[in-house]
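I opened my notebook to get to know a new structure. Here is what I looked up, entry by entry.

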Amino acid sequence: MALAVAAGRGDDGLIDTMKVFCGRANPTTGSVEWLEEDEHYDYHQEIARSSYADMLHDKDRNVKYYQGIRAAVKRVKERGQPAIVLDIGTGTGLLSMMAVSAGADFCYAVEVFKPMADAAVKIVEKNGFSDKIKIINKHSTEVTVGPDGDMQCYANILVTELFDTELIGEGALPSYEHAHKNLVEENCEAVPHKATVYAQLVESRRMWSWNKLFPLLVQTETAQKLIVAPAEMESCPGAPSVYDIQLNQMPLSDFTVLSDVLTMFSVDFSKQVNSSPTHHTMQFEPRESGRAQVVLSWWDIDMDPDGKIKCSMAPYWVHSDPKNIQWRDHWMQCVYFLPNEEPVVQGESLYLTAHRDDYCVWYNLHKTRNEKSKNNFHEERPVCECQAHLLWNRPRFGELNDHKRTEQYIQALKKVLKADSICLCISDGSLLPILAHCVGAEQVFTLENSAVSHRLMKKIFKANGLEDTITIIEKRPELLTSADLGDRKISVLLGEPFFTTSLLPWHNLYFWYARTAVIEHLANNITVLPQAASLHMVVVEFKDLWRIRSPCGNCEGFDVHIMDDMIKHSLDFREAREAEPHPLWEYSSRCLSEPQQVLMFDFQKPVPEQPLSAEGSIFLQRPGKSHGVVLWMEYHLTTESSLSTGLIQMPEAQGECSWNPHCKQAVYFLNSTLEAKTQDSPQSVTYSLEFNPKVGDISMDFRLVS
């Protein structure tokens with residue numbers, strides 16, 4: 001998130017320099033703050049964290065684009081026409097170079113992102129295609145055609161790669177619509193030729209737990225208390241955005257397929273495309289009875305009119321060749337949540353409708369065909385009405401619905417709470433205040449930083465008859481007063497900790513800063529839960545995730561070293577010694593070392609003024625390639641009970657990893673990889689970490705040692 005502003009103007013009125021203010025989570029304040037960065041910061045961020053390397057490593061995509069381009073050029077040549085190509089979103093210029101190599105007479109390559117356009121110019125030149133490829137640094141809707149235009153003539157071959165996991169989320173439809181009206185000949189060849197969107201209806205308690213708050217039964221020594229969600233939350237259609245995940249990591253045991261694969265709609269890219277909102281309804285009969293909750297969706301693209309060259313995003317259980325699925329992170333699969341779960345009966349006729357506008361897709365299930373839909377009626381895109389989906393993301397819903405995790409908190413609360421306990425909870429939208437009340441605390445306060453979390457928690461408390469029992473204080477910790485607490489001292493301070501602004505695992509250490517800020521309101525014998533946190537690390541080999549940070553070198557015979565160097569330079573610009581968050585349950589990995597604790601944070605004491613540091617080595621005990629170091633936090637609720645946000649069990653004999661599915665872990669990608677040998681010739685990774693209490697962040701450096 002960045003905002004560019006002029007820093008000042010010279011005497012001539014021109015801007016001398018630019019400042020870029022970037023939104024970053026501040027772990028010491030628990031909020032997003034605008035920080036001044038170098039004017040090139042945003043460019044480097046986009047390049048360093050882009051999917052360019054991932055796409056260049058996508059062999060299936062590259063080969064099939066090349067095949068489709070060759071076939072399109074051949075068809076045009078066989079008609080006796082010169083092959084003039086328009087490549088929208090050219091990136092590295094790869095597809096344009098493929099077109100010229102296939103015999104195209106000229107190619108106009110459009111790239112709106114200037115650093116990428118500059119790189120494409122250099123890549124095209126290095127590969128010897130400058131005379132036949134023109135890089136146009138504009139948005140395609142700004143490109144002109146004519147003697148004085150960007151393009152001398154209309155193109156008769158349209159090549160694009162404008163797709164995301166949802167197919168249309170990057171504005172593919174408006175771009176195609178404009179191109180057909182303004183930049184290409186009628187009935188031009190298009191690569192890809194067509195895209196088709198598929199859907200499958202499933203029942204899945206796990207996936208549904210990412211969208212709704214389940215009832216929670218709290219058992220105490222004297223009674224049972226059922227915690228329920230407000231009715232408003234139950235009927236809420238949920239967040240409007242798609243949930244894109246690696247469905248190939250979802251075991252079949254986690255869902256029940258209720259329908260065959262349904263072909264929802266297709267887009268023919270060789271003809272005029274209409275980006276106006278529309279809908280497509282498919283009639284089907286459920287394969288099994290159950291509760292319809294989730295629509296899984298993906299797409300494929302035909303590179304040629306005959307459908308012989310196909311690139312598919314189908315998940316493993318319906319893929320034509322499940323043993324040879326191309327891994328990719330730039331195109332995954334989609335999870336859509338129905339507005340409400342619906343009981344369905346095997347064999348009864350149902351209707352699934354895919355609605356779309358120019359950027360988004362959403363689904364509805366009907367028992368009868370909606371007559372209004374026949375008259376060009378489009379249901380509005382779902383928008384959260386209960387505010388829970390604004391505060392909690394999908395993994396957070398899953399975390400709150402994890403009953404084993406909740407039970408750990410309940411058992412920990414039973415150990416520390418007394419009948420006269422005065423509790424203060426500091427987390428964003430946590431159920432801990434309710435649990436503390438149920439376990440028997442005399443009085444419970446909860447500190448909510450935002451108006452959204454305040455309103456949401458008020459609704460939840462009211463739905464459970466606790467609106468007059470639990471006191472919500474909408475203040476920052478440093479602004480808390482004795483009057484807010486009824487002039488009482490806090491005897492038990494609670495936190496999960498969870499804060500919506502946290503990006504990396506240790507950013508939730510904001511709880512420690514909040515604990516320090518409210519110190520004057522704490523009793524002398526204060527109990528803090530969790531009482532401490534620790535930072536852990538392990539060296540891993542990724543089956544596939546390493547590709548997103550790995551240089552490509554040559555791609556289908558074209559030299560793209562310039563792109564590799566550009567990404568490395570952008571990483572070195574700021575990010576070379578920073579970890580990045582990834583939900584590792586979606587990515588297969590093996591531990592090459594044993595997990596190791598490296599830093600400890602004592603919540604029973606205030607945040608120290610001096611940094612906390614750790615240095616040492618971690619030995620590689622299993623053979624494999626050391627792609628990166630994974631870091632995570634563990635929270636020690638009591639001396640007997642801990643919760644991990646990373647590994648949830650010790651690695652198996654071969655090192656297979658089981659990661660917490662509700663959290664993102666921090667990944668530090670190593671600049672190079674070493675093949676771990678045997679224990680007779682041990683290899684290690686040296687580490688140096690420092691927690692700086694002034695900024696609340698951890699600086700780190702890892703080095704491979706042979």
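**Entry 1: a parallel sheet**

I started at Leu-86, which stands opposite Leu-158 in S7. Before going on, I noted that this is a predicted model, where local features need pLDDT of at least 70 and side-chain atom pairs count only at pLDDT 80 or more, while totals for chains, interfaces and linings use all residues. Residues are numbered from 1 along each chain as its sequence is written, and side-chain values use heavy atoms, leaving out hydrogens and water.

I then looked up the strands, which, like the helices, are DSSP runs numbered from the N terminus (helices H or I, at least four residues; strands E, at least two). Strand S4 (residues 84-88) runs parallel to strand S7 (residues 155-160), and four bridges join them. Two strands count as paired if DSSP finds at least two bridges between them.

**Entry 2: the cores**

Which residues have the most contacts inside the largest nonpolar core? I found Leu-86 again, together with Tyr-363, in a core of 114 residues. A nonpolar core here is a set of buried Ala, Val, Leu, Ile, Met, Phe, Trp, Tyr and Cys residues joined through side-chain atoms within 4.5 Å. Buried means under 20% relative accessible area, exposed over 50%, and partly exposed in between (1.4 Å probe, protein chains only). Strand S16 (residues 290-302) gives the most to this core, with seven residues.

I also checked what Leu-86 touches beyond four places away in sequence, and the list includes Tyr-108, Met-151, Leu-158 and Val-184. Contact means heavy atoms within 4.5 Å. A second, separate core has 51 residues, among them Leu-485, Tyr-513, Ile-526 and Leu-670.

Is Ser-209 buried or exposed? I found that Ser-209 is buried, at a relative accessible area of 10%. The residue sits in the loop between helix H7 (205-208) and strand S10 (216-219). A polar atom of the Ser-209 side chain lies 2.5 Å from the backbone oxygen of Arg-206. Setting aside neighbours within four places in sequence, I saw Ser-209 in contact with Phe-214, Phe-397, Gly-398 and Asn-401.

**Entry 3: aromatic pairs**

I counted 23 aromatic pairs in the structure. Rings of Phe, Tyr and Trp (its six-membered ring) pair if their centres lie within 6.5 Å; planes under 30 degrees apart are stacked, over 60 edge-to-face, and the rest tilted. Trp-210 and Trp-585 make a tilted pair, 6.3 Å centre to centre with 45° between the planes. These two are 375 residues apart. Trp-210 is buried at 5% relative accessibility, and Trp-585 is buried at 12%.

Next I looked at Trp-512 and Phe-691, a stacked pair at 6.1 Å centre to centre and 20° between the planes. Trp-512 lies in helix H15 (residues 510-517) and Phe-691 in strand S38, so the pair ties together parts 179 residues apart in sequence. Phe-691 is buried, with a relative accessible area of 0%.

**Entry 4: a hairpin**

I ended at S38 (residues 683-692), which runs antiparallel to S39 (residues 697-705), with nine bridges joining them. Thr-686 has Arg-703 as its bridge partner in S39. Four residues lie between the strands of this hairpin, where Gly-696 takes a positive phi near 75°.

Conventions: A polar contact is a pair of N or O atoms within 3.5 Å; within protein, one must be able to donate a hydrogen and the other to accept it, and residues adjacent in sequence count only if both atoms are side-chain atoms.
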